[in-house]
Amino acid sequence: MTATPEPPVHDLVGVGFGPSNVALAIALREHADGAGAGALSGVFHERQEEFGWHRGMLLDDATMQVSFLKDLVTTRNPASDFSFLSFLHGAGRLHDFINHKTLFPLRAEFHDYLAWCAGRMADRVHYGSEAFAVEPVRDPSGRVAQLDVLSRDPSGAVTRTRGRNLVLAPGLRPRLPEGARASERVWHNEHLLHRLDALDPDARPRSFVVVGAGQSAAETAEHLYHRFPGARVAAVFSRYGYSPSDDTPFANRIFDPEAVDAFYDAPEEVKDELMGYHRNTNYSVVDPDLINELYRRAYADRVRGAERLVLHGTSRVTAVEERADGVTATVEDRATGKQTPVDADYLVYATGYRPAADPRDLLGPLGVHVVADEKGRPVVDRDYRLATTDDLTCGIYLQGGTEHTHGISSSLLSNVAVRVGEITASIAARTPRPR
Ligand code: FDA
Ligand code: NAP
């Protein structure tokens, strides 16, 4: 009988190839000096068939919520040729972009930039490959020194990839209100463009309900309003009106690398306070320009006596009844208790995202080795490495899912370039090299 050959061992195996792990792949490459010394090997699994960054929300006019200088590399290595400016230069648009005088490119253009970076790293990624389990590889002392990531391709074929370190960057997960169910007529905004593009081209939706008052909700309402000039858009949310994101410079420092240090070392109650104070830099808030644009349109319609954007503030959807030809949302005004049935062709929940999946889900039985805090959350070291029992000598790193330890930038692009530098340095420092 012939033994199954052992798979090659990589310095790291990455799960997910969104911006976080693309940035990591670049950092690994740049870590090696010109002669290739110090090179770390990495291979990544991405379940999408090709690179894609929130494609369902790549709305025509939507812009980035972060400066292009916070691309995948610049704040770590301003000389990198993987910068957004390098991309523009290659695309022949550098001067045009400069003349534009903006720090906030179109999201579609940033998507092209990210895809350009991912394309240059194509030899390190398996697309159409969903990681579904992790198994231990033990050393002679019985400790887990390496991990096997099991992934499945669309045909069901399973691949085993072995690494000394695992870097999980699976991204956020869409959140529906409790009890809500997505269907043909009820969507999460994550799939907005896919759903709209799949509609019968002759169908002209006459009405939508959009639930939520964050950036996604406002962009969804604006898009539907603009794309279907005859349609009524009912926006339902618990605030009185859309509220602006705080993008002022002092508050913006909460996204700086130094803020990660401050947050990481702060006592738990200070962490909670900081999240409370600065939540409005990111959550349940809308870019002020978009708020003004929505108001301008709504007011102009009112002047014409053809109101199409109907805001139900201080309200919530208490029930959704779905029929073959539409939905009826029961909208309750929380101030008065009045219940109003709102009919619509489609209902879009723009109700945000949940944090990255708990790493222990993927780790399965290995999860018992992850150290938990008093609230049961994984303890994560400053270098984004999961704290584990001594039974594990391999590293498990997180990109995302660290808001409780590293602060508000955890799920965002702001700090990606610096974070992947820190992860690379941590892995390199722990990786013995032949002299
Ligand atoms: P991301 O979610 O992008 O990528 C994770 C990848 O992992 C996905 O491609 C997924 O398919 C893959 N994956 C998951 N599980 C897997 C598995 N088991 N096996 C294989 N692959 C798996 N932030 C910001 O700073 N500025 C901004 O302008 C925006 N704009 C923005 C717009 C919209 C519409 C949303 C929803 C979010 C933003 N964000 C943002 C926040 C957003 O989280 C951030 O831009 C990045 O997407 C984070 O990159 P990640 O790579 O961590 O996750
Ligand atoms: P979000 O900021 O978390 O907002 C979610 C909204 O849904 C809030 O108004 C929230 O109301 C509401 N909500 C949550 N649960 C609900 C429930 N059960 N019932 C009713 N309403 C509920 O989510 P988001 O707008 O999707 O933004 C998420 C992230 O993506 C942010 O980082 C944002 O900047 C980013 N984003 C960026 C862009 C861009 O780059 N242009 C576009 C879209 C999103 P409460 O406040 O009352 O809880």
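**View 1. Five strands line up in parallel as an open sheet, in the order 10-17-11-12-13.** Strand 10 (186–188) and strand 13 (309–312) sit at the edges with a single partner strand each, so one side of each has no neighbour in the sheet. From one strand to the next, the twist averages 20°. Strands, like helices, are DSSP runs numbered from the N terminus (helices are H or I with at least four residues, strands E with at least two), and two strands count as paired if DSSP finds at least two bridges between them. What you see here is a predicted model, in which local features need pLDDT of at least 70 and side-chain atom pairs count only at pLDDT 80 or more, while totals for chains, interfaces and linings use all residues. Residues are numbered from 1 along each chain as its sequence is written, chains are lettered from A and ligands numbered from 1 in the order in which they are written, and side-chain values use heavy atoms, with hydrogens and water left out.

**View 2. Here we look at strand 11, strand 12 and helix 6.** Strand 11 (residues 207–211) and strand 12 (residues 232–236) run parallel, joined by five bridges. Val211 has Val236 of strand 12 standing opposite. Helix 6 (residues 215–227) lies across strand 11, strand 12, strand 13 and strand 17 (346–349), and runs at about 170° to strand 11. For that angle, axes are lines fitted to C-alpha atoms, for helices over the stretch in contact, and angles run from 0 to 180 degrees between N-to-C directions; contact means heavy atoms within 4.5 Å.

**View 3. Three strands make an open antiparallel sheet in the order 14-15-16.** Strand 14 (315–323) and strand 16 (339–344) are its edge strands, each pairing on one side only. Direction ignored, neighbouring strands of this sheet are turned by 25° against each other on average. Eight bridges link strand 14 with strand 15 (residues 326–333) in the antiparallel sense, and Val317 has Val331 in strand 15 as its bridge partner.

**View 4. Strand 5 and strand 6 form a hairpin with five residues between the strands.** Strand 5 (residues 130–138) pairs with strand 6 (residues 144–152) in the antiparallel sense over eight bridges. Arg138 stands opposite Val144 in strand 6, and Gly142 takes a positive phi near 95°.

**View 5. Ligand 2 has 21 residues around it, and the closest are Arg107, Ser216, Glu219, Asn282 and Ser284.** A residue belongs here if one of its heavy atoms lies within 4 Å. Which part of the protein gives the most to this shell? That's helix 6, with three residues. An oxygen atom of ligand 2 is 2.5 Å from an N or O atom in the side chain of Asn282, and a nitrogen atom of the ligand is 3.0 Å from a backbone N or O atom of Thr63. On its own, ligand 2 has 920 Å² of accessible area (Shrake-Rupley method, 1.4 Å probe), and the protein covers 76% of it.

**View 6. Around ligand 1 there are 29 residues, with Ser20, Glu46, Gln65, Ser411 and Leu413 coming nearest.** Helix 1 (19–31) and strand 5 each supply at least two residues of this shell. A polar side-chain atom of His54 is 3.1 Å from an oxygen atom of ligand 1, and a polar backbone atom of Gln65 is 2.8 Å from an oxygen atom of the ligand. The protein covers 89% of the 980 Å² of accessible area that ligand 1 has on its own.

Note on methods
A polar contact is a pair of N or O atoms within 3.5 Å; within protein, one must be able to donate a hydrogen and the other to accept it, and residues adjacent in sequence count only if both atoms are side-chain atoms.
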